[in-house]
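Thanks for coming. Today I will go through the aromatic rings in one structure. Please have a look at it first.

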Amino acid sequence: MTPLRQRMIEDMQLRGFSARTQECYVAAVRQLAAHFHTRPDRLSEEDLRQYFLYLANEKKVARATATIALCGIKFFYEHTLQQHWTTLRFVRPPREKKLPVVLSRDEVRRILSDVRIPVYRACLTTIYACGLRLLEGAHLQVPDVDGGRMLLHIHGKGKKDRYVPLATPTLDFLRAYWRTHRSPVWLFPAPTRQGLPHALAHDGGPVTRSSLQSAFRRALLRTGIAKRAHVHTLRHSYATHLLEAGVNLRIIQENLGHGSARTTQIYTHLTREVQATLTDPLNQLMQGL
C-alpha cells in the first residue's frame, strides 16, 4: 500500500467512515489513476474535469456509480491533498427518479424456494421477512436474536442500530436453521469447499455479499421471472407488501431504518390498491378500440 493511499484511509477512519465506504472511495481514486496511468496527486483540475466528462459521455455510468466516484475523488483531493478545486464543487450526476422493482408474494416464494444452498436460502428468507439490507442480513449474529421480546437487533447502515419485529414463524425458522450448524457467533456462517464444519472450526466468518447475490441471481434465472430483481428487491417487496396489508407508513419507515418518511413514501406508488384505482378508468378508455 502506498503512503498516499494509507493516508487517505486514515483520514476516512478519522471521519468515522464504514469499511465499505472506505473500500468504495479508494476504488474510485484507483480507477481515476488507472485512467490516466499516473499517480492521482499528479493530476490537474483539468484532468478531473475531463475524467468526469468521460464517465458521463463515454462510459455513461449510472447515477449511483457517478456519485460514488465524485464523493471518493472529492474526499481524496479536498481532505487528503487539501486541494479545493472549483470543478469538485459544481460536478453533479444527473438526478433520476426511478421506482424500485417489486416482486409479488408468489414470486418471492418461487425465488426463495429455488435457492439450493441452505445457508443462502435461510439468509435471503430472513432478509425478506425482516426487510433488511444485504449486509444487515449476512452479518446477523446469534446474540442479535431476542426471542423473549420477539425482536431482531440490526446493526444498520451508517452505524445506526435498530430493532425490527420478529414473526413467530421467522423465529422458529431461525432457531431450526441454527441447530443445523450451532455456530457460537454467526447466524449464517459462510460455507467453504471443505464443508461447513471446517468453516466453523476455522472461523470462516459470515456469508459474503457476492455469494448471496450469485445465489439469488441463479434462483431468479431458474424461475424464469423476467423482472430485473436483485437481493435488495426483497427489501422493496417487504415494504410494499406491508403497505398492502394496511401497516402504517411510519412503522414501515422505522422497520426499514429510513431517516426520512419521504424515502419510504415511494412504496405508496407501488401497492396493488393504488394500481387498482386505475383499473376501471383504463378499461373504459379501451372500450371500442
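This is a predicted model: local features need pLDDT of at least 70, side-chain atom pairs count only at pLDDT 80 or more; totals for chains, interfaces and linings use all residues.

Residues are numbered from 1 along each chain as its sequence is written, and side-chain values use heavy atoms, leaving out hydrogens and water.

How many aromatic pairs does a search of the whole structure find? The search finds nine. Rings of Phe, Tyr and Trp (its six-membered ring) pair if their centres lie within 6.5 Å; planes under 30 degrees apart are stacked, over 60 edge-to-face, and the rest tilted.

Helices are DSSP runs of H or I, at least four residues, numbered from the N terminus. F75 is buried at 5% relative accessibility, whereas F17, at 21%, is partly exposed. Buried means under 20% relative accessible area, exposed over 50%, and partly exposed in between (1.4 Å probe, protein chains only).

Next, Y51 and Y54 have ring centres 6.2 Å apart and planes at 35 degrees, so they are tilted. Both lie in helix 3 (residues 45-59), three residues apart, about one turn of the helix. Y51 is buried at 4%; Y54 is partly exposed at 24%. Together with F36 and F52, they form one aromatic cluster.

Last, the charged end of R149 sits over the ring of Y163, 5.4 Å from its centre. That term requires NZ of Lys or CZ of Arg within 6 Å of the ring centre and within 35 degrees of the ring normal.

How values were computed: Helices (H or I, at least four residues) and strands (E, at least two) are DSSP runs, numbered from the N terminus.
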